[in-house]
Amino acid sequence: MSTGETTTARAWKRDATVFLSGQTVSMFGSMLVQYAIMWHLTLETKSGVVLMASAVFGMLPQAIVSIFGGVWADRLNRKWLIIGADGAIAVTTVALALFMMAGYTELWLIFLTLAIRSTGAGVQSPAVMALIPQLVPTEHLLRVNGIFQSIQSAMMLIAPAAAAGIYASASIIAIFWVDAVTAGIGIGFLLLIA
């Protein structure tokens with residue numbers, strides 16, 4: 001292997017590691033909020049209908065928007081799509097935190113936040129999946145995608161327990177601030193990639 005090939009191999013590995021690390025941190029924060037809101041609504045309302053509505057507001061927009069998100073990821077700058085979506089999700093979460101700190105805890109406000117966050121995820125997820133092949137050489141793509149899928153599966157196991165633990169020991173508002181920080185870390189890592 002020549003020096004040029006070694007440098008290129010180091011460059012894509014560094015970029016892929018930075019990207020996946022940032023997305024893992026951001027994904028963890030987003031999942032924390034999703035599960036924390038579920039715990040919060042379950043404990044506060046004790047209503048199955050409210051929990052069902054939160055699932056609809058939290059998932060349906062993503063399912064609909066991701067259809068267009070894939071097209072946008074093919075036509076627009078993926079890096080900025082991810083940054084914009086992640087930033088919008090974080091700003092929405094911070095806004096909910098500020099409203100709740102001021103005493104506004106109406107269900108419609110939580111549902112609106114869930115819908116906006118879900119819409120952002122519908123843009124972010126396809127852009128993330130489309131950016132990986134842009135960073136990773138074809139011969140290594142299967143392995144890197146496998147690693148990312150494993151990380152996502154691990155987050156699905158860790159996030160609910162972590163959300164319950166933080167919610168029990170602090171508050172839902174604390175989890176909202178954690179999400180804002182993790183989104184900032186994810187965006188910061190992405191900005192390091194050319």
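In which helix is the place of Thr182? Thr182 sits in helix α6, which covers residues 172-191. I shall return to this residue after a word on the whole chain.

Please note that what you see is a predicted model. The mean pLDDT of the protein is 91, and 96% of the residues reach at least 70. Among the elements, helix α3, residues 78-101, has the highest mean pLDDT, at 95, while α1 has the lowest, at 87.

Along the principal axes, the C-alpha trace spans about 65 × 35 × 25 Å. Of the contacts between residues at least 6 apart in sequence, 88% join residues at least 24 apart.

Let us now consider the interior. Buried residues account for 44% of the 194 residues. Thr182 is one of them: its relative accessibility is 8%, and it therefore counts as buried. Beyond its neighbours within four places in sequence, Thr182 is in contact with Val25, Ser26 and Gly29.

Val128 counts as buried because its relative accessibility is 4%. With neighbours within four places in sequence again left aside, Val128 is in contact with Phe19, Gln23, Ile82 and Phe148. From Val128 to Glu106, 22 residues apart along the chain, the separation between C-alpha atoms is 33 Å.

I turn to the surface. The protein exposes about 10000 Å², of which carbon and sulfur atoms supply 72%. A nonpolar patch is formed on the surface by Val49, Met52, Val56, Leu60, Ile64, Ile67, Phe68, Val71, Trp72 and Leu76, with about 960 Å² of accessible area together. Met52 belongs to helix α2, residues 48-75.

My last point concerns Lys46, in the loop between α1, residues 3-45, and α2. Lys46 counts as exposed, since its relative accessibility is 70%. Its backbone also deserves a remark: phi of Lys46 is near 50°, a positive value in a residue other than glycine. Most residues other than glycine have a negative phi.

Thank you for your attention.

Terms used: Residues numbered from 1 in each chain as written. Predicted model: local features only at pLDDT ≥ 70, side-chain atom pairs only at ≥ 80, totals over all residues. Heavy atoms only, no water. Helix = DSSP H or I, 4+ residues; strand = E, 2+ residues; numbered from the N terminus. Buried < 20%, exposed > 50% of the residue type's maximum accessible area, 1.4 Å probe, protein only. Contact = heavy atoms within 4.5 Å. Patch = residues over 30% accessible without salt bridge, like charges linked within 9 Å, V, L, I, M, F, W, Y side chains within 5 Å. Areas by Shrake-Rupley, 256 points an atom, 1.4 Å probe, with all protein chains shown as cover. Salt bridge = Lys/Arg side-chain N within 4 Å of Asp/Glu carboxyl O. pLDDT = per-residue confidence, 0-100.
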